[in-house]
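Hello,

Here is the structure for your files, with my notes below it.

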Amino acid sequence: GKACVAQVSDYVMSNEIVASAMAMISEDRNVNRILSELLSSSGNEIITRSCLHYCRDGESLCFWEIVTRSRNLGQVAIGYKAQSEEKATLNPQNKSSKRTWMKGDLVVVLSKE
């Protein structure tokens, strides 16, 4: 049921992240060293967490505010996925524009967890 949908969604999102990483490496080989450190099995992981780890349901914040709150938890926010959208937004273009964060929205973070 619902758990299966979440697993498929996580799998699809991880494929998008891998494709983005490969594109970055193809543009600049030096990125490979950085991504190797970030993505190694002993290093950080790219995970999605409920936005409620960083804000209240219905709170209006810009992405920079989410970045600050994630950093306070030892994480690095790199994107988000609104519940109403099919795809995640990595490295949002306009990080200063406010949006209303709702239960069901996810934040993509680098984390040791």
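Phe 63, Tyr 80 and Trp 101 are linked into a cluster by ring pairs; rings of Phe, Tyr and Trp (its six-membered ring) pair if their centres lie within 6.5 Å, and planes under 30 degrees apart count as stacked, over 60 as edge-to-face and the rest as tilted.

The model is predicted: local features need pLDDT of at least 70, side-chain atom pairs count only at pLDDT 80 or more, and totals for chains, interfaces and linings use all residues. Residues are numbered from 1 along each chain as its sequence is written, and side-chain values use heavy atoms, with hydrogens and water left out.

Searching the whole structure gives two aromatic pairs. Phe 63 and Tyr 80 have ring centres 6.2 Å apart and planes at 40 degrees, so this pair is tilted. Phe 63 is in helix H3 and Tyr 80 in strand S3, 17 residues apart (helices, H or I, of at least four residues and strands, E, of at least two are DSSP runs, numbered from the N terminus). Phe 63 counts as buried at 5% relative accessibility, and Tyr 80 does at 13% (buried means under 20% relative accessible area, exposed over 50%, partly exposed in between; 1.4 Å probe, protein chains only).

Tyr 80 also forms an edge-to-face pair with Trp 101, at 5.3 Å centre to centre and 75 degrees between the planes. Trp 101 lies in strand S5 (residues 98–101) and Tyr 80 in S3, so this pair ties together parts 21 residues apart in sequence. Trp 101 is buried, at 0% relative accessibility.

Regards
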